[in-house]
Amino acid sequence: MQMANLSTVSEFVFVGLSDAPEIRLLLFVLFLFIYLATLAANIMLLVAISTDSHLHSPMYFLLGNLSLLDLLCPTITVPKMLGALLLEHKKISFSGCLFQHFSLIAMVGTEIFLLAVMAYDRYVAVCHPLRYPSIMSTKLCAQLAMGTWATGLLNSLLHTSLVFTLSFCGANKIQQYYCNIPPVLALSCSSIQSRELVLLVVAGVLGGSACVLTVVSYICILLEILARNSPGIWHKAFSTCGSHLTVVCLFYGTTICTYVRPSFIYSPHWDRVVSMLYGMLTPLLNPIIYSLRNKEVKCALKRVISQVRRAL
């Protein structure tokens, strides 16, 4: 059965962050600035990683994938939101909403698995430093990165097919500025309990597996630090893992608040606030966190900035 035949709704309407015209322009300027800063920070980090030979290592290869995700994630949602704020064009077609939903869930899923792979990379670096080059080989890193992207896409395909094969035959106002799972499910006139349960189970199994791998990696790191008990080991371990651990806490905190909850406790106003934190600030903070905590990245970024200045 074709998806178009399952729905009488041909388009959705976003309920913006504010319907007050006196602050709509202010919000547009603020969000545009954050979006451009996010693009600039992640592009600079990608350029630094690709052009600096000192950053051609597994950790920075995985960090480059994270920066690419942080470029794509806000690009999927923010331009449409900016158009709604400036031009009051709040409508999106059914197929456009489907594509936005699929792309966003794919990016979120990929980032969850990528952070788990990065945690394993940090475990090998701290617990097996002498064997690190042989364990985290170029081939293995490429396979792990491809695996995270493939798993994220397959996970998104399942979620999107479960959500958008429901019937939408009444209200079409999405209480959000992009097509997210909870507000879209809330518009369905079908029974959603069984599919919501499947979505929660799949998200719990896949997300839980990635979370367990991340937690286990850091438990092993902690046990290794306690076993060595050598001078300066805590500072060295924190300099190695501090940036990734901060990004993990930021990502999981906002993602859990956004996705891991049933629809009956869905609050439009709270969801918009959390989604803003996840959708715009997290991709901006990630490259900043890694830049501030890593001397090699800071040196590479300084070289990129100086080259841009000379070119201009």
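Me: Contact means heavy atoms within 4.5 Å of each other. Which residues does Thr148 touch, not counting those up to four places away in sequence?
Reply: First, a heads-up: this is a predicted model, where local features need pLDDT of at least 70, side-chain atom pairs count only at pLDDT 80 or more, and totals for chains, interfaces and linings use all residues. Residues are numbered from 1 along each chain as its sequence is written, and side-chain values use heavy atoms, with hydrogens and water left out. Thr148 sits in helix 5 (residues 138-164); helices are DSSP runs of H or I with at least four residues, strands are E runs of at least two, and both are numbered from the N terminus. Leaving out those neighbours in sequence, Thr148 touches Thr110, Phe113, Leu114 and Val117.

Me: Is Thr148 buried or exposed?
Reply: Buried means under 20% relative accessible area, exposed means over 50%, and partly exposed is in between (1.4 Å probe, protein chains only). Thr148 has a relative accessible area of 3%, so Thr148 is buried.

Me: Which residue's backbone oxygen lies 2.6 Å from a polar atom of the Thr148 side chain?
Reply: A polar contact is a pair of N or O atoms within 3.5 Å; within protein, one must be able to donate a hydrogen and the other to accept it, and residues adjacent in sequence count only if both atoms are side-chain atoms. Here a polar atom of the Thr148 side chain lies 2.6 Å from the backbone oxygen of Ala145.

Me: How far apart are the sulfur atoms of Cys97 and Cys179?
Reply: A disulfide is a covalent bond between the sulfur atoms of two cysteines. The rule used here is a pair of cysteine sulfur atoms within 2.5 Å, and the count comes to one disulfide. Cys97 and Cys179 form a disulfide with their sulfur atoms at a distance of 1.9 Å.

Me: How many residues apart are Cys97 and Cys179?
Reply: Both Cys97 and Cys179 are buried, and the torsion about their S-S bond is about -130 degrees, so the disulfide is left-handed. Cys97 is in helix 3 (residues 94-127), and Cys179 is in the loop between strand 3 (173-174) and helix 6 (181-186). The pair links distant parts of the chain, and the separation is 82 residues.

Me: Is Cys249 buried or exposed?
Reply: Cys73 is buried, with a relative accessible area of 6%. Cys249 has a relative accessible area of 51%, so Cys249 is exposed.

Me: Which residue forms a salt bridge with Arg303?
Reply: A salt bridge is a side-chain nitrogen of Lys or Arg within 4 Å of a carboxyl oxygen of Asp or Glu, and the structure holds three salt bridges. Arg303 counts as partly exposed at 37% relative accessibility. The closest N and O atoms are 2.2 Å apart in the salt bridge between Arg303 and Asp52.

Me: Which strand is Lys91 in?
Reply: Lys91 meets Glu11 in a salt bridge (3.6 Å, N to O). The pair links distant parts of the chain, with Glu11 in strand 1 (residues 11-14) and Lys91 in strand 2.

Me: Over which residues is the pLDDT below 50?
Reply: pLDDT is the predictor's confidence in each residue, from 0 to 100. The protein's mean pLDDT is 82, and 87% of its residues reach 70 or more. The stretch with pLDDT below 50 has 11 contacts beyond near neighbours in sequence, and it covers residues 1-7.
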